[in-house]
Amino acid sequence: MAPRNGARGPADAAHDLLWARDVRDSVRCAGVLLALLLLLDWGTDRLSLWRGALWVASALLLFLVLCPARVRAGEDWLSVRRLLRERRVRTDLLVSIRCLDGVSQRLVLRDAFGGRVEIDPEVLVRNQPLWFRLEAGARKAAAGGTLLCGATALRRLSLRVDREAAQAVFKVSGLE
């Protein structure tokens, strides 16, 4: 079955190389919280079945909040998979790219078919193959005239990716 919006399959996809580590970190944080809460209750002789269930639910909620989205990109598509849902956009048919500032910065991509994804720009900064796929698709969208807004956000993100890559090269070569 063909993926939504005519995008190709995962065979030629780039993905977030640090996603598995981030999931492990989320599990560790939730596990540490659960262990501390259970240990505290056990130490004060207040541990009961209901309190234990409440602490398990709290740890599960923390995991759900911290669990990162899995970002993948291929030729002319980008997908973001959360725990229950996957969203895709066609990068060669992007209509807008917006950067939302707040507690955590988000990049919102919309395509001509109504597809919408939100990603953390840090994922693109730390994963060059993902960035290159998105940038190539956005260039096609701009050349085709579908990208109506977002050139500034894309340019700022491009400068940030280039700056981080240059810093990594200097650090590895000892010129830092």
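A residue counts as buried when its relative accessible area is under 20%, as exposed when over 50%, and as partly exposed in between, with a 1.4 Å probe and protein chains only. Gly115 is buried by this rule, with a relative accessible area of 2%. This glycine is found in the loop between strand 6 (106–111) and strand 7 (116–119). Leu93 is 22 residues away along the chain, and the C-alpha atoms of Gly115 and Leu93 are separated by 10.0 Å.

The model is predicted: local features need pLDDT of at least 70, side-chain atom pairs count only at pLDDT 80 or more, and totals for chains, interfaces and linings use all residues. Residues are numbered from 1 along each chain as its sequence is written, and side-chain values use heavy atoms, with hydrogens and water left out.

Now take the whole protein. Its secondary structure comes to 5 helices and 7 strands. Helices (H or I, at least four residues) and strands (E, at least two) are DSSP runs, numbered from the N terminus. Along the sequence, the pattern reads β-α-α-β-β-β-β-β-β-α-α-α. The protein is more spread out than a compact globule, because its radius of gyration is 20 Å, well over the 16 Å that the globule rule gives for 176 residues. That radius is taken over C-alpha atoms, and the rule is 2.2 Å times the number of residues to the power 0.38. Taken along the principal axes, the C-alpha atoms fill a box of roughly 70 × 50 × 35 Å.

How much of the protein is buried? Buried residues make up 34% of the 176 residues. The protein exposes about 10900 Å², and carbon and sulfur atoms supply 62% of that area. Accessible areas come from the Shrake-Rupley method with a 1.4 Å probe; for residues, only the protein chains shown count as cover.

Contacts tell us about the fold along the sequence. A contact means heavy atoms within 4.5 Å. Among contacts between residues at least 6 apart in sequence, 60% join residues at least 24 apart.

Next come the charges. The protein has 28 positive and 19 negative side chains. Lys and Arg count as positive and Asp and Glu as negative, while His and the chain ends are not counted. The centres of the two sets lie 4 Å apart. Each charge is placed at NZ of Lys, CZ of Arg, CG of Asp or CD of Glu.

Side chains of opposite charge can pair when their charged atoms come close. A salt bridge is a side-chain nitrogen of Lys or Arg within 4 Å of a carboxyl oxygen of Asp or Glu. How many salt bridges does the whole structure hold? A search finds 12.

One of them joins the side chains of Asp22 and Arg126, at 2.6 Å from N to O. Asp22 lies in helix 1 (residues 19–43) and Arg126 in helix 3 (residues 121–126), so the pair ties together parts that are 104 residues apart in sequence. Asp22 counts as buried, at 14% relative accessibility. Arg126 counts as partly exposed, at 29%.

Another salt bridge joins Arg51 and Asp41, at 2.7 Å from N to O. Arg51 is in helix 2 (residues 49–66) and Asp41 in helix 1, 10 residues apart. Arg51 is partly exposed at 27% relative accessibility. Asp41 is buried, with a relative accessible area of 3%. Which residues touch Asp41, leaving aside its neighbours within four places in sequence? They are Arg46, Leu47, Arg51 and Trp55.

A further salt bridge pairs Lys140 with Asp76, whose closest N and O atoms are 3.0 Å apart. Lys140 lies in helix 4 (residues 128–144) and Asp76 in the loop between strand 2 (70–74) and strand 3 (77–81), so this pair ties together parts that are 64 residues apart in sequence. Lys140 is partly exposed, with a relative accessible area of 40%. Asp76 is buried, with 14%. Elsewhere, salt bridges that share partners join Asp16, Arg21, Asp22, Asp25, Arg28 and Arg126 into one network.

Finally, look at Leu18. This leucine is found in the loop between strand 1 (14–15) and helix 1. Leu18 counts as partly exposed, at 29% relative accessibility. Leaving aside its neighbours within four places in sequence, Leu18 is in contact with Arg126 and Asn127. Leu18 and Val80 are 62 residues apart in sequence and 14 Å apart in space, C-alpha to C-alpha.
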